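Welcome! Here are some exercises to work through with the structure open beside you. Try each task yourself before reading its solution.

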Amino acid sequence: MEQRTLGTSGIQVSAIGLGCMSLGGWAYGAFPETDEAVRLVQHALDQGITFLDTADVYGPFTSEEIVGRAIKGRREHVVVATKGGFVVTDPSTHALGKDGSPAHLKAACDASLRRLGIETIDLYQLHRPDPQVPIEESVQALSELVAAGKVRAIGLSECDLPTLVRASKVHPIATLQSELSLWTRDVLAEILPWCQAHGVAFLPFAPLGRGFLTGRYRSASQFDSNDFRSGLPRFKQEALAQNLGIVEQVEEIARRHNATPGQVALAWVLSLGDNVIPIPGTKHLSYLEENIGAASLVLTSEDLAQLNNLPSPVGARY
Ligand SMILES: NC(=O)c1ccc[n+]([C@@H]2O[C@H](COP(=O)([O-])OP(=O)(O)OC[C@H]3O[C@@H](n4cnc5c(N)ncnc54)[C@H](OP(=O)(O)O)[C@@H]3O)[C@@H](O)[C@H]2O)c1
């Protein structure tokens, strides 16, 4: 697979990574047994994916443990990205609170290293800026983790442009991770161009629109009440029914290429620039292989024009 670079860190990764959020049991309903999840990650590595994205709060903790088991014995072939800065405040609802304090980030990094079974995290990302802690203090703590050899490069997640600019003055920011897909394009206006101009890689999360852009979800009744998407405005029945118009156009383009709508959604994200590295998530081997196939789908200028003109979705993303 094509290789792309994590900003100015020089770290090379496959153009498509694997998002490991839901493997450990959080977010999207039923999840695989641990052994099966480990095999899925290993299969991804066998197929040329070299970039894994996880976080301590995924599970919590189980996603990192799965990644740790999967990379055992093949560490040198994998770039591991994880995140700290969130804490689960209510395990029964998986409610999250932010903690970007230096003490928390340093303790969280040590705990992630233990769960992952590695000596250095390739990319350590602040999961969210903490409004109670100046971004400079959080990034300074991450910078000290780099100096201590525990982290190779620093990333941010879901942060606005002024915060990103302030953070960059403390330590080089290799990556910014935020939601970006055919139905979430807010970052295209300012943030992605800034990243392109300043050597920051952009990691689109939910590049398949949390599965919606694959055409698989056509009714809100497909989500159990414990599925995170059941609470999201654009997945509510009325909004979702209107948003199907977006999927239908993606499906039309997919037919022209004998591809799937999910592959078109990923190919569009990849077309945005060679600093863009999507991290689709899946719990299924067949979907994993399909998503990898998107790396070789080339969209025409006519396809891109149609995709760039898709209507805005109905309903906020959160
Ligand atoms: N930084 C953050 O705050 C943040 C937030 C959200 C996500 N993330 C990261 O981004 C990664 C990806 O985001 P995401 O998982 O939320 O959304 P996503 O990748 O857009 O979509 C995942 C959903 O799409 C389904 N899917 C995947 N490939 C498919 C295919 N080929 N055909 C049909 N369905 C398919 C998955 O189904 P199955 O699971 O049933 O296979 C799952 O329901 C996460 O794993 C995580 O690493 C980060």
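**Exercise 1. Find the place of Arg 210 among the helices and strands, and decide whether Arg 210 is buried or exposed.**

Step 1: Arg 210 sits in the loop between β11 and α7. Helices (H or I, at least four residues) and strands (E, at least two) are DSSP runs, numbered from the N terminus.

Step 2: With 8% relative accessibility, Arg 210 counts as buried. Buried means under 20% relative accessible area, exposed over 50%, and partly exposed in between, using a 1.4 Å probe and protein chains only.

Step 3: Now look at the backbone. Arg 210 is a residue other than glycine, yet its phi is positive, near 55°. Most residues other than glycine have a negative phi.

A word on what you are looking at: this is a predicted model, in which local features need pLDDT of at least 70 and side-chain atom pairs count only at pLDDT 80 or more, while totals for chains, interfaces and linings use all residues. Residues are numbered from 1 along each chain as its sequence is written, and side-chain values use heavy atoms, leaving out hydrogens and water.

**Exercise 2. Which loop holds Ala 206, and what is its phi?**

Step 1: Ala 206 lies in the loop between β11 (201-205) and α7 (237-257).

Step 2: Its phi is about 50°, a positive value although Ala 206 is not a glycine.

Step 3: Ala 206 has a relative accessible area of 16%, so it is buried.

**Exercise 3. Locate the cis peptide bond that involves Pro 60.**

Step 1: Go to the loop between β4 (51-53) and α2 (62-71), where Pro 60 lies.

Step 2: The cis bond joins Gly 59 and Pro 60, with omega about 5°. Most peptide bonds are trans.

**Exercise 4. How many residues of α2 are buried, and what do they pack against?**

Step 1: Seven of the ten residues of α2 are buried, so the helix is mostly covered.

Step 2: Those buried residues are Ser 63, Glu 64, Ile 66, Val 67, Gly 68, Ala 70 and Ile 71.

Step 3: As a reminder about helices, an α-helix has 3.6 residues a turn, so residues three or four places apart point the same way.

Step 4: The partners of the buried residues of α2 are α1 (34-46), β4, β5 (79-84) and α3 (102-116).

Step 5: After α2 comes Gly 73, with a positive phi near 85°.

**Exercise 5. Where is Leu 40, and which residues does it touch?**

Step 1: Leu 40 belongs to helix α1 and is buried, with a relative accessible area of 4%.

Step 2: Not counting residues up to four places away in sequence, Leu 40 touches Leu 18, Leu 23, Thr 282, Lys 283, His 284, Leu 285 and Leu 288. Contact means heavy atoms within 4.5 Å.

Step 3: Follow the contact to Leu 18.

**Exercise 6. Which residues touch the most other members of the largest nonpolar core?**

Step 1: A nonpolar core is a set of buried Ala, Val, Leu, Ile, Met, Phe, Trp, Tyr and Cys residues joined through side-chain atoms within 4.5 Å.

Step 2: The largest such core has 82 residues, and Leu 18, Leu 52, Leu 156, Leu 164, Leu 176 and Leu 307 touch the most other members.

Step 3: Another core, of 15 residues, lies apart from it, with Ile 11, Val 13, Phe 51 and Phe 205 among its members.

**Exercise 7. How many helices and strands does the protein chain have?**

Step 1: The protein chain has ten helices and eleven strands.

Step 2: Buried residues make up 55% of its 318 residues.
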